Amino acid sequence: MELSNWDFYWAGDQEKDYWQKPDPAVLELIENHPAGQFPRVLDLGCGPGRHALAFARGGYRVTAVDASKMALVQVEERAREKRLKLETILGDFRTTLFAPETFDLVICYNVVYHGLREEMVRGINQCQQYLRPGGLLFLTCPTRDDGKYGDGEEVAPHTFRSGEKSVHPGDLHYFSDCQDLECFFAGLEIMSRKKKEHYWKQDGIVNFSSYWQLIAKKK
Ligand SMILES: C[S@@+](CC[C@H](N)C(=O)[O-])C[C@H]1O[C@@H](n2cnc3c(N)ncnc32)[C@H](O)[C@@H]1O
């Protein structure tokens, strides 16, 4: 099982504006699901913590997990600066990190597709296990229309070792279609599924992003 190392990326001069600004869809999720009803939140693959910090600001009890130590150092620093409380854990989404039903809400934003299809399935199954019945999973992952699809070596069907189009070249990325999502979320009730698309710039080059945004409830 290969584990990518994002420390170098997070230690560098990455696009700080992008990584510090929460996705408005996550802010909407917070607005619609207050801490009173969903107190325990897991941000799995939190990166430098834009979403973990937004939840902490909203009064949730937040656990932020990432495989990159550097990402966690940055979350902790920013939490200290903003006088927000959260817990950080160095961990791999493919392994069991928590007891069943530990969380009311799990957010997994652009994380579980890093790897092979079966690893993505394992990651989503872990998220499902961590949720209490009625708990929510918010997850994003790229579609097969994404500009990175086809970039780099295809190591398995729809799985590419990304080239320069990725912010983290050398990573494995799995690209899902609708049938995949039905299968990955079979144990959950899908509340909303959106296909979102936009252009973004990296080092002056325009890239096309196409991704699924799902909100699902544990049955
Ligand atoms: C594209 S970034 C997204 C960061 C954050 N969710 C956000 O939206 O700002 C992907 C993150 O997933 C983490 N990651 C990749 N593979 C992982 C794994 N197997 N277990 C835990 N985290 C992982 C990386 O370290 C990185 O911080």
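Entry 1, strands 1 and 2. I looked up R40 in this predicted model and found that its bridge partner in strand 2 is R61. Strand 1 (residues 40-44) pairs with strand 2 in the parallel sense, over 5 bridges.

Entry 2, strands 2 and 3. I noted that strand 2 and strand 3 (residues 87-90) run parallel and are joined by 4 bridges. Within this pair, T63 stands opposite E87 of strand 3. Helix 5 (residues 69-81) lies on the path from strand 2 to strand 3, and this β-α-β crossover is right-handed.

I checked strand 2 (residues 61-66) for burial and found 5 of its 6 residues buried, so the strand is largely enclosed by the rest of the structure.

I recorded an open sheet of 3 strands in the order 6-7-8, with antiparallel pairing. Strand 6 (153-156) and strand 8 (172-174) are at the edges; each has a single partner strand, so one side of each is left without a neighbour in the sheet. On average, neighbouring strands here are turned by 35° against each other, direction ignored. Strand 7 (residues 159-161) pairs with strand 8 over 3 bridges in the antiparallel sense, and I located R161 opposite L172 in strand 8.

I listed 19 residues surrounding the ligand, of which the closest are W6, G45, G47, A67 and S68. Sorted by class, this shell comprises 9 nonpolar, 6 polar and 4 charged residues.

Methods:
Residues are numbered from 1 along each chain as its sequence is written. This is a predicted model: local features need pLDDT of at least 70, side-chain atom pairs count only at pLDDT 80 or more; totals for chains, interfaces and linings use all residues. Two strands pair if DSSP finds at least two bridges between them. Axes are lines fitted to C-alpha atoms, for helices over the stretch in contact, and angles run from 0 to 180 degrees between N-to-C directions. A residue is near a molecule or strand if its C-beta atom, placed from the backbone, lies within 6 Å of it. Ala, Val, Leu, Ile, Met, Phe, Trp, Tyr, Cys and Pro count as nonpolar, Asp, Glu, Lys and Arg as charged, and the others, Gly among them, as polar. A residue is buried if 20 or more other C-beta atoms lie within 10 Å of its own, exposed if 12 or fewer, and partly exposed in between; C-beta atoms are placed from the backbone. A crossover is right-handed if, with the strands pointing away from the viewer, the path from the first strand over the helix to the second runs clockwise.
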